[in-house]
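Please read the following briefing alongside the model, which is shown directly below. The points are grouped by topic.

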Amino acid sequence: MLETNEYIPVLQKLYNKSLILESPHEFEPVFWFYFKDAVAHLDFTLCILGYNIQSMRNVMNMEYMKWRIDEEKKDGRDRFPAFINWLKANHRENFDKLPTLWREIYDTDSAASYRSFRIAMDPAALKPLPARFFTTCIDELFDKGFLKSLYTDASLGKLYQEFLAE
């Protein structure tokens, strides 16, 4: 770990988050996958920025990310990006409430993407994302209102069922 790295407090903030007041097994299964996926990408990118790439922490992250590529294609999860763009076109107010990572990564009009499993908001940029970006992403993903919307019978879950029915 780098001694005076601004990303370490952000990484600690992420690791201190908990879902103890939630019931993830009742989340819409596709949303649960993409929630974990967004958190894993945050973790991976922060570890690269805060830890040596050859640290055991990064080695573990890379193993998860190899597995993740196949998992993204299972159980209808491949429809998630289309759902995000459908929300943007048909339910803009719901789209605007989504976490930044979901809006930017899966919006077909955005250049943001996961590159080599790291978060790249601007793939042409050579500078790392500022620490405050990650703090904002963590706050959004663990926002109580957002977490409550992930349940199958909640607002986002119902919109997802509507999307699948079309």
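## Briefing on the predicted model

Pro81 is found in helix α4, where helices are DSSP runs of H or I with at least four residues, strands are runs of E with at least two, and both are numbered from the N terminus. The model is predicted, so that local features need pLDDT of at least 70 and side-chain atom pairs count only at pLDDT 80 or more, whereas totals for chains, interfaces and linings use all residues. Residues are numbered from 1 along each chain as its sequence is written, and side-chain values use heavy atoms, with hydrogens and water left out.

**Pro81**

- With a relative accessible area of 25%, Pro81 is partly exposed; buried means under 20% relative accessible area, exposed means over 50%, and partly exposed lies in between, computed with a 1.4 Å probe and protein chains only.
- Leaving aside neighbours within four places in sequence, Pro81 is in contact with Tyr34 and Tyr106, contact meaning heavy atoms within 4.5 Å.
- Pro81 and Asp107 are 26 residues apart in sequence, and their C-alpha atoms are 7.2 Å apart in space.

**Chain as a whole**

- The chain has 9 helices and 2 strands, and from the N terminus on its elements run α-α-α-α-α-α-β-β-α-α-α.
- Of the 166 residues of the chain, 49% count as buried.
- Among contacts between residues at least 6 apart in sequence, 70% join residues at least 24 apart.
- The chain exposes about 9,100 Å², of which carbon and sulfur atoms supply 55%; accessible areas come from the Shrake-Rupley method with a 1.4 Å probe, and for residues only the protein chains shown count as cover.

- In helix α1 (residues 7-15), the residues Tyr7, Ile8, Val10, Leu11 and Leu14 are buried.
- Seen down the axis of α1, these buried residues fall within an arc of 160 degrees, so they line one face of the helix, the arc being that of the directions from the helix axis to the C-beta atoms.
- What covers the buried residues of α1 includes α2 and α7 (131-141).
- Leu19 is found in the loop between α1 and α2, and at 18% relative accessibility Leu19 counts as buried.
- Phe142 lies in the loop between α7 and α8 and is buried, with a relative accessible area of 16%.
- Phe142 and Leu19 are 123 residues apart in sequence but 8.2 Å apart in space, C-alpha to C-alpha.
- Beyond four places in sequence, Phe142 touches Leu14, Lys17, Ser18, Leu19, Phe35, Val39 and Leu147.
- Leu19 and Lys144 are separated by 125 residues in sequence and by 9.8 Å in space, C-alpha to C-alpha.

- Ser149 lies in helix α8 (residues 144-149) and counts as buried at 11% relative accessibility.
- Apart from residues up to four places away in sequence, Ser149 touches Phe31, Ala154, Ser155, Leu156 and Gly157.
- In helix α9 (residues 155-165), Leu156, Gly157, Leu159, Tyr160 and Phe163 are buried.
- The buried residues of α9 pack against α2, α4, α5 (92-97), α6 (100-106) and α8.

**Largest pocket**

- The largest pocket has a volume of about 230 Å³; on a 1 Å grid over the protein atoms alone, a pocket is an open set of points with protein on both sides within 12 Å along at least five of seven lines, and lining residues have an atom within 4 Å of a point.
- Grid points are joined across faces, edges and corners, and the volume is the space filled by probe spheres set on the points.
- The lining of the largest pocket comprises 15 residues, of which Arg118, Ile119, Lys127, Pro128 and Leu129 lie nearest its centre.
- α2 (29-50) and β2 (118-120) each supply at least two residues of this lining.
- The lining residues divide into 11 nonpolar, 1 polar and 3 charged, where Ala, Val, Leu, Ile, Met, Phe, Trp, Tyr, Cys and Pro count as nonpolar, Asp, Glu, Lys and Arg as charged, and the others, Gly among them, as polar.

How values were computed: 1 Å grid on protein atoms, 1.4 Å probe; cavity = no way out; pocket = protein on both sides within 12 Å on 5 of 7 lines; lining within 4 Å.
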